[in-house]
Amino acid sequence: MAILEGVQVRVEGRRIEVEGPLGKLHWEHRPEVAVRVDEATGQVVVERMAEDRESRAFHGLTRSLINNMVLGVKSGYEKRLEIVGVGYLAAIQGSTLQLRVGFANELQKPIPPGLQVTCPDQTHVVVRGCDKQQVGEFAAEVRSLRKPEPYKGKGIRYQGEYVKIKPGKTAS
């Protein structure tokens, strides 16, 4: 895969370091594959050591993870959450995300280092960062605090997520 302009990739043994304008990421790959940087073509080359099923699987995984690292340090990743419900709101207090989502107490979620979490308004949360896995995991953890319920649709959902609303009891 090609190395984007402004991104540096270094391979030292099994450790891969990717540095770009938005940050620096590192990862240690499996011994079933070999990774090298081809300076002449400006590409990262991933080669498998054997042709068994496991080696082929780790070959694709390694290639995808390195590509995600290169794209992440160049342009970053973003997940948007929306909060639906009367009186439901979110706010940032220092390095903590505060959520009022219908419980007796306010929920406090510490923001991990390496992520930028913003609230453009009280019903939206934007999670940004250069590590795709970390962005997705934090957004999923926030969503799991109050998943959208199927009767009124209240809760925390990804922006654009469709929640199928079930019909309630009918009067007889």
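Arg 80 is partly exposed, at 36% relative accessible area; the class runs between buried (under 20%) and exposed (over 50%), with a 1.4 Å probe and protein chains only. Arg 80 forms a salt bridge with Glu 78, their closest N and O atoms being 2.9 Å apart. A salt bridge here is a side-chain nitrogen of Lys or Arg within 4 Å of a carboxyl oxygen of Asp or Glu.

The model is predicted: local features need pLDDT of at least 70, side-chain atom pairs count only at pLDDT 80 or more, and totals for chains, interfaces and linings use all residues. Residues are numbered from 1 along each chain as its sequence is written, and side-chain values use heavy atoms, with hydrogens and water left out.

**Salt bridges**

- The count comes to twelve salt bridges.
- Glu 78, the partner of Arg 80, is partly exposed at 39% relative accessibility.
- Arg 10 and Glu 19 meet through their side chains in a salt bridge of 3.5 Å, N to O.
- Arg 10 is partly exposed at 30%, and Glu 19 is partly exposed at 31%.
- A network of salt bridges links Arg 10, Arg 15, Glu 17 and Glu 19.
- Arg 48 and Glu 51 form a salt bridge of 3.2 Å, N to O.
- Arg 48 is partly exposed at 31%, whereas Glu 51 is exposed at 54%.

**Strands and sheet**

Strands (E, at least two residues) and helices (H or I, at least four) are DSSP runs, numbered from the N terminus. Two strands pair if DSSP finds at least two bridges between them.

- Strands of a sheet pair through backbone hydrogen bonds, either parallel or antiparallel.
- Three strands make an open sheet in the order β7-β8-β9, with antiparallel pairing.
- Its edge strands are β7 (89-93) and β9 (107-110), each pairing on one side only.
- Neighbouring strands of this sheet are turned by 25° against each other on average, direction ignored; the axes are lines fitted to C-alpha atoms, for helices over the stretch in contact, and angles run from 0 to 180 degrees between N-to-C directions.
- Five bridges join β7 to β8 (residues 96-100), and the two run antiparallel.
- Ile 92 stands opposite Leu 97 in β8.
- β4 (residues 33-38) and β5 (residues 43-48) run antiparallel, joined by six bridges.
- Asp 38 stands opposite Gln 43 in β5.
- β4 and β5 form a hairpin with four residues between them, and Gly 42 in the turn has a positive phi of about 70°.

**Largest pocket**

A pocket is an open set of points on a 1 Å grid over the protein atoms alone, where a 1.4 Å probe fits, with protein on both sides within 12 Å along at least five of seven lines; lining residues have an atom within 4 Å of a point.

- The largest pocket holds about 250 Å³ of space, the volume being that filled by probe spheres set on the points, which are joined across faces, edges and corners.
- Its lining includes Leu 25, Trp 27, Met 69 and Lys 132.
- The elements giving two or more residues to this lining are β3 (23-28), α1 (53-74) and α2 (132-144).
- By class, the lining has five nonpolar, three polar and two charged residues; nonpolar covers Ala, Val, Leu, Ile, Met, Phe, Trp, Tyr, Cys and Pro, charged covers Asp, Glu, Lys and Arg, and the others, Gly among them, count as polar.

**Helix α2**

- Ala 140 lies in helix α2 and is partly exposed at 34%.
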